[in-house]
Amino acid sequence: MVSGGEVQRYLSGVLMLARNDQRGFNYLDLTADGFWRSFTAILYAVPAFALSWLNYRTSYIAAAGDSAATGLGFFLRLAMIDVLNWIVPVIIVALVAAPLGLSAHFGRWVIATNWLSLPFAYLMAIPVALMLLMPGAEPIAVITSLAFFGIAIAIFFRVTRIAFDNDMPVAIGITVGLVVLSFTMTGMLHAAFGLALEPLP
């Protein structure tokens, strides 16, 4: 498990990268071990994910009825969806990295974006928490969520561009591709796991 002190250092690094400062890579563990340990960010993001699961449970019950099964299995399926949404894009980029000549910088991109995803998870949890605490504030929460999403995409693009040596076409392709993939996967996985927001027959 990555220690809290290490996480703080890694977050300092990705913050520098977000500010277009390549020295941020000096704060990251760019070794092979650091590559695999960067996926620990998923565990640190669980509290933020949990808020979204609770909010989704409310919406699911509203759609499926109070009799809908929303126990431990429900939350485990939502957790699996979030894990797949985190890992599958990395696998897809890994598959195209070699043919496109991107292998040299693929590792540091994964490490940087894994740790970058941690503050993103908590940023996106803010409007979710607002909806949970103040249901009547949903319009404000939705607008805030869209604004935060736009900020997250812009920063992700910047870090991706830096990770791949300022290759704009690659950064644009990866960013757009993964955004589309994320939306597509989310809908498909919710349907596959029986969690689509549709009334149960």
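Contact here means heavy atoms within 4.5 Å. In the predicted model, threonine 40 is in contact with Met1, Val2 and Trp115, when neighbours within four places in sequence are left aside. Threonine 40 sits in the loop between H2 and helix H3 (41-44). With a relative accessible area of 12%, threonine 40 is buried, because the cut-off for that class is under 20%.

The protein chain contains eight helices and zero strands. Along the sequence the pattern reads α-α-α-α-α-α-α-α. The radius of gyration is 18 Å, close to the 17 Å that the globule rule gives for 201 residues, so the protein chain is as compact as a globular protein of that length. Taken along the principal axes, the C-alpha atoms fill a box of roughly 50 × 35 × 30 Å. Among the 201 residues, 40% count as buried. Of the contacts with a separation of 6 or more, 71% come from residues 24 or more positions apart.

Helix H8 illustrates how buried residues are covered. H8 has 25 residues and reaches 35 Å from its first C-alpha to its last, close to the 36 Å expected at 1.5 Å a residue. The buried residues of H8 include Val170, Ala171, Ile174, Thr175, Leu178, Leu181, Met185 and Leu189. An α-helix has 3.6 residues a turn, so residues three or four places apart point the same way. The cover over the buried residues of H8 includes H4, helix H5 (72-97), helix H6 (103-133) and H7.

Leucine 54 belongs to helix H4 (residues 46-64). The relative accessible area of leucine 54 is 42%, and the residue is partly exposed.

Four salt bridges are present in the structure. In one of them, the side chains of glutamate 6 and arginine 37 meet at 3.1 Å, N to O. Glutamate 6 lies in helix H1 and arginine 37 in helix H2, so this pair ties together parts that are 31 residues apart in sequence. Arginine 37 is partly exposed, at a relative accessible area of 23%. A salt bridge also links arginine 23 to aspartate 21, with the closest N and O atoms 2.7 Å apart. Arginine 23 is exposed, having a relative accessible area of 54%.

The side chains of aspartate 165 and arginine 108 form another salt bridge, at 2.9 Å from N to O. Aspartate 165 is in the loop between H7 and H8 and arginine 108 is in helix H6, so the pair ties together parts that are 57 residues apart in sequence. Aspartate 165 is partly exposed, with a relative accessible area of 47%, whereas arginine 108 counts as buried at 18% relative accessibility. Salt bridges that share partners join Glu6, Asp29 and Arg37 into one network.

Two asparagines have a positive phi. For asparagine 20, in the loop between helix H1 (4-18) and helix H2 (32-37), phi is near 70°, a positive value in a residue other than glycine. Asparagine 20 is partly exposed, with a relative accessible area of 41%. For asparagine 166, phi is near 60°, again positive in a residue other than glycine. Asparagine 166 lies in the loop between helix H7 (138-163) and helix H8 (168-192), and is partly exposed at a relative accessible area of 39%.

Notes:
Residues are numbered from 1 along each chain as its sequence is written. This is a predicted model: local features need pLDDT of at least 70, side-chain atom pairs count only at pLDDT 80 or more; totals for chains, interfaces and linings use all residues. Side-chain values use heavy atoms; hydrogens and water are left out. Helices (H or I, at least four residues) and strands (E, at least two) are DSSP runs, numbered from the N terminus. Buried means under 20% relative accessible area, exposed over 50%, partly exposed in between (1.4 Å probe, protein chains only). The radius of gyration is taken over C-alpha atoms; the globule rule is 2.2 Å times the number of residues to the power 0.38. The expected span of a helix is 1.5 Å times one less than its number of residues.
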